[in-house]
Amino acid sequence: MENSHSQCIFKNAKDFLTANNALIYQVVVAVLSIAVLYKVLFNRKNITKRPKRDIGISPASNGTGSKIDCVNPATGKSMGVVNSLKPDEVKTCLKAAQVAQAEWGQTTFDERRQILQDFIDMFIKHENELVEASMRDTGKTRFEAMFGEILTSCEKLRYLIQNGEKALKTEDRIVPMLMGSKSARLEYHPLGVIGIIIPWNYPIHSIISAAAAAIFAGNAALVKVSEWSTHSKILFEHLLRKVLSNRGYDPNLIQILPGMGETGEALVRCGVDKVLFIGSPGTGKRVMKAASDSLTPVILELGGKDPMIVFDDVELDWALAIVQRGCFINLGQNCISSERVFVHEKIYDQFCKQMADKINSLKQGPPEEGHFDFGSMTMPAQVDKVEHLVGTALKEGATLLAGGKRNPAYPKGNYFLPTVLANVTEKMTIFQEEAFGPVCTIVKFSNEQELIRMANGTVFGLGCSILSGDIKRAERIGSKISTGMLTINDYGASYLIQDLPFGGCKESGFGRFNGPEGLRGFSREVSVLTDRFGIKTPVPRLIRYPIDPASVGIIRQAIYMIYQRGFVNKLRAALNFTAQVIKNPKLLL
């Protein structure tokens with residue numbers, strides 16, 4: 001019966017479309033015509049056409065400092081040498097950026113959106129080159145490079161294009177009754193030049209994510225890249241300069257600075273207007289100390305030891321898929337990796353077995369030689385640290401279920417096997433220290449009180465993920481976790497929601513990037529108070545020098561009338577206020 005009714009509806013709709021084909025066509029044409037006409041008449045973009053500029057050579061490419069041997073971490077082969085920048089060369093970059101920013105800061109939001117759309121076009125056109133540059137620099141797989149470098153970058157740019165102006169729009173602010181003749185607003189102005197120091201795990205995305213936000217707010221950007229992922233900067237900086245120069249803008253607006261610690265310190269101290277640092281807590285503290293000498297403001301996005309909480313009411317296969325991604329995304333070289341997995345005791349043994357079985361079945365190898373689930377780690381010292389933490393955990397009583405050592409099949413690269421450790425406790429070293437590598441540590445919990453205590457039991461507070469069939473319980477537990485970001489029934493998805501700010505608490509840092517907060521963090525906030533009706537407000541005798549003795553009594557009664565509790569008290573004060581004004585009318589003139 002129901003099926004027959006559906007078929008009847010479908011037949012009637014089909015007959016209607018057939019009979020009114022011409023009418024429908026006319027309606028569609030009319031709607032499209034109106035849309036085009038509206039765009040032409042009312043949605044004109046405020047863009048000045050500029051002549052193309054010479055792409056030139058970036059001042060950041062003229063370093064004469066120590067040589068950086070760019071080595072492919074998956075193969076151990078050198079890709080070439082890049083010279084670091086000396087402190088005086090960093091200052092040269094700053095001067096060029098200041099010149100570029102002085103011009104760029106006068107651009108309209110339409111012009112800034114145009115450049116960001118050009119960046120998206122650049123990512124799409126040169127996707128394969130950028131992916132392979134990242135693969136060679138970091139050892140990551142093609143999938144990780146495509147997802148972590150291209151997709152996330154395009155989404156960041158799309159968000160800024162569609163929502164950036166709204167975040168930086170002048171805001172009207174509330175004026176109290178006493179100041180009723182005035183209007184108040186908050187404006188967001190460019191800061192100048194933003195100094196940005198990024199790590200090596202996402203060498204393409206980390207540049208564009210910070211730099212795009214900086215320039216959309218009207219600033220220039222000096223981005224110091226890690227010495228462990230420097231080679232890709234050659235291609236990427238060329239592409240960025242090409243986009244800017246083709247539109248007639250100074251290509252020195254975004255510069256990518258190669259170097260080691262000396263270069264990073266020079267950037268912090270050279271006179272930039274704000275610093276964004278992404279990296280370890282130890283280095284972050286040094287950045288903050290150096291910045292304090294000139295009171296340069298900083299945003300610090302530091303390490304994490306994120307908890308992933310798995311309750312016993314989950315569907316196990318679903319939960320395992322999320323946890324595997326949380327632990328081994330980019331081979332664990334991610335500040336929001338799920339480094340501590342808390343699993344309820346009722347499903348603990350089954351969860352551990354299935355996790356180990358899955359990880360033991362996956363393949364690791366050089367990404368450029370074929371399809372692998374995992375590539376190599378990037379930094380040799382990080383491999384040493386992971387090896388030490390895993391070895392220490394085993395000595396302290398953890399149980400090894402998968403991996404646990406360097407991959408013997410690839411001795412020339414930075415390979416450490418994806419590792420699963422069970423029976424991890426809060427007293428173990430690996431529970432407290434950030435591994436930043438391919439290690440899944442599984443901790444058993446039996447009740448909520450114990451869980452919350454352990455989850456909060458480190459110096460970090462970046463992110464947290466909770467998997468449960470009971471959303472209310474998940475949110476209740478999440479509200480008690482010291483974290484900057486909470487994700488329920490997923491992992492890492494919040495980063496693709498660019499309207500959400502990114503950042504943590506405790507030793508995971510402070511300040512935010514992404515979202516409106518990130519754009520405003522790259523802006524100088526200016527509070528503006530002006531006359532509401534364009535008429536100058538006279539200064540009443542009440543507050544002019546010399547002060548009349550009667551002024552104190554009038555102000556006292558005004559305070560009582562406005563702020564005192566109770567209608568009777570307010571009324572009494574109003575009568576007293578009126579009486580005093582009548583006695584001294586000249587004071588309100």
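Guide: Here is a short chat about a sheet, a pocket and a cavity.

Visitor: What sort of model is this?
Guide: It's a predicted model: local features need pLDDT of at least 70, side-chain atom pairs count only at pLDDT 80 or more, and totals for chains, interfaces and linings use all residues. Residues are numbered from 1 along each chain as its sequence is written, and side-chain values use heavy atoms, with hydrogens and water left out.

Visitor: What's the strand order in the open sheet of seven strands?
Guide: The order is S12-S13-S14-S11-S10-S16-S17, with mixed pairing. Strands (E, at least two residues) and helices (H or I, at least four) are DSSP runs numbered from the N terminus, and two strands pair if DSSP finds at least two bridges between them.

Visitor: Which strands stand at the edges?
Guide: Strand S12 (399-402) and strand S17 (485-488) do; each has a single partner strand, so one side of each is left without a neighbour in the sheet. The twist averages 20° from one strand to the next; axes are lines fitted to C-alpha atoms, for helices over the stretch in contact, and angles run from 0 to 180 degrees between N-to-C directions.

Visitor: Do S11 and S14 pair in the parallel or antiparallel sense?
Guide: Parallel: S11 (residues 340-344) and S14 (residues 439-445) pair over five bridges. Valine 341 has isoleucine 442 in S14 as its bridge partner.

Visitor: Which helix packs on the sheet?
Guide: Helix H13 (residues 380-395) does, touching S12, strand S13 (419-422) and S14, where contact means heavy atoms within 4.5 Å. The direction of H13 makes about 25° with that of S13.

Visitor: New topic: how many cavities of 30 Å³ or more are there?
Guide: Four. On a 1 Å grid over the protein atoms alone, a cavity is a set of points where a 1.4 Å probe fits but cannot get out, and a pocket is an open set with protein on both sides within 12 Å along at least five of seven lines; lining residues have an atom within 4 Å of a point.

Visitor: What's the volume of the largest cavity?
Guide: About 100 Å³, a volume being the space filled by probe spheres set on the points, which are joined across faces, edges and corners. S16 (463-467) gives the largest share of the lining, three residues.

Visitor: And the second largest pocket, what's its volume?
Guide: About 660 Å³. Of its 21 lining residues, the closest to the centre are Leu178, Met179, Pro540, Leu542 and Leu588. Helix H18 (residues 551-563) gives the most to that lining, with seven residues.
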